[in-house]
Amino acid sequence: LRVLHEGSQPGMPQTNGRIERCNGDLLEGTRACLAHAGLPSCFWPWAVQCYAFLSNVADTDDKDSPWTMIHGTEFSGLQIPFGARVYFKPSPTKYTLDEAAGRLQCGIMVGYRMAPGIRWKGEYLVVDLMDFVGKKLHEFAPSGEFSITPHVTKVVKLPDAEFVFPLRERYKFFNT
C-alpha cells in the first residue's frame, strides 16, 4: 500500500515503546499466572500462551475483543484461568481408565489448542493433577523435574462456582 512507517533503532528498545509495552504486559501477565496457579517458572511456555489467548478473547467495556473483531462473533469456549481446577475427559491414547472409574479426571487448565488460521475447534489443554504427586513446586524447578504433556480434550467441566487453584498452597509451602 506504500504506507511509510518509521522503524525503531536496533538495540534501543526505548525507540519502540508500543511493542515494549506489549512485551512487558505479556511478561507481567505470565508471572502473575504462574504465581496465582502455583506453578514453577518452567511452565512459562503454557502460561504465556494461555495469558495471551485469554487477553485476546476478553471483551473490554469500551470495545470488542480482538477475537470478536477477527471472527465477527464472541469466543464460544469457556474462559478458564491458567492453573484452575477442571474435570476433563482424558484421551484414551494417553492412558486407559478402569471400567469402574469415573469418566472425568481432575486436572488443571494450561491452555487452548488452536488450529491453523486462528481457528478454535473446541480443544482445551489440561494436565492431570496426578502428574504433580510427589513433585516439589520450587519457583525455579528445572523443566526436567516435570515430564508432563497436556491432554488435548474437548470435554472440560468446571467443578465449582468460583475458580480453585489446587497447586497454590503447595507452591507457597515450597517458596515461602
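**Figure 1. The five-stranded sheet.** Two strands count as paired when DSSP finds at least two bridges between them. In this predicted model, five strands form an open sheet in the order E4-E3-E2-E1-E5. The pairing is antiparallel. Strand E4 (151–153) and strand E5 (156–157) stand at the edges. Each has a single partner strand, so one side of each is left without a neighbour in the sheet.

**Figure 2. Strand E2 and its pairing with E1.** Strand E1 covers residues 85–88, and strand E2 covers residues 105–115. The two run antiparallel and are joined by four bridges. Valine 86 has glycine 107 of E2 as its bridge partner. For phenylalanine 88, the partner in E2 is glutamine 105. E2 is mostly covered, with eight of its 11 residues buried. In a regular strand, side chains alternate between the two faces of the sheet.

**Figure 3. The E2–E3 hairpin.** Strand E3 spans residues 119–128 and pairs with E2 over eight bridges, in the antiparallel sense. Isoleucine 108 stands opposite valine 127 in E3. Three residues lie between the strands of this hairpin. One of the hairpin's residues, glycine 117, takes a positive phi near 85°. Isoleucine 118 is found in the loop between E2 and E3. Isoleucine 118 also has a positive phi, of about 55°, although it is not a glycine. Most residues other than glycine have a negative phi. Isoleucine 118 has a relative accessibility of 47%, so it counts as partly exposed.

**Figure 4. Aspartate 128 in strand E3.** Aspartate 128 belongs to strand E3. Its relative accessibility is 4%; buried means under 20%, so aspartate 128 counts as buried. A polar atom of the aspartate 128 side chain lies 2.9 Å from the backbone nitrogen of methionine 130.

Figure 5. Helix H1 takes in residues 17–37, which makes 21 residues. At 1.5 Å a residue, H1 should span 30 Å. Its end C-alpha atoms are 30 Å apart, which agrees. Buried residues in H1 are Gly24, Gly29, Thr30, Cys33, Leu34 and Ala37. The buried residues of H1 pack against helix H2 (44–57) and helix H4 (168–175). Glycine 38 follows H1 and has a positive phi, near 85°.

**Figure 6. Threonine 30 within H1.** Threonine 30 is found in helix H1. Its relative accessible area is 6%, and threonine 30 is buried. Leaving aside residues up to four places away in sequence, threonine 30 touches Trp44, Ala47, Val48 and Tyr51.

**Figure 7. Serine 65 in the H2–H3 loop.** Serine 65 sits in the loop between H2 and H3. With a relative accessible area of 1%, serine 65 is buried. Not counting residues up to four places away in sequence, serine 65 touches Asn56, Val57, Ala58 and Asp59. The side chains of serine 65 and threonine 68 are joined by a polar contact of 3.0 Å. Serine 55 and serine 65 are 10 residues apart in sequence. From C-alpha to C-alpha, serine 55 and serine 65 are 8.2 Å apart in space.

**Figure 8. The largest pocket.** Rolling a probe the size of a water molecule over the atoms shows where empty space is left. The largest pocket holds about 220 Å³ of space. Its lining comprises 14 residues. Of these, Asp25, Ala52, Ser55, Asn56 and Pro66 lie nearest the pocket centre. H1, H2 and helix H3 (66–71) each supply at least two residues of the lining. H2 gives the largest share, four residues.

**Figure 9. The largest cavity.** The count comes to one cavity of 30 Å³ or more. The largest cavity has a volume of about 30 Å³. Arg85, Leu158, Pro159, Asp160, Glu162, Phe163 and Val164 line the largest cavity.

Note on methods:
Residues are numbered from 1 along each chain as its sequence is written. This is a predicted model: local features need pLDDT of at least 70, side-chain atom pairs count only at pLDDT 80 or more; totals for chains, interfaces and linings use all residues. Side-chain values use heavy atoms; hydrogens and water are left out. Buried means under 20% relative accessible area, exposed over 50%, partly exposed in between (1.4 Å probe, protein chains only). A polar contact is a pair of N or O atoms within 3.5 Å; within protein, one must be able to donate a hydrogen and the other to accept it, and residues adjacent in sequence count only if both atoms are side-chain atoms. The expected span of a helix is 1.5 Å times one less than its number of residues. Contact means heavy atoms within 4.5 Å. On a 1 Å grid over the protein atoms alone, a cavity is a set of points where a 1.4 Å probe fits but cannot get out, and a pocket is an open set with protein on both sides within 12 Å along at least five of seven lines; lining residues have an atom within 4 Å of a point. Grid points are joined across faces, edges and corners, and a volume is the space filled by probe spheres set on the points.
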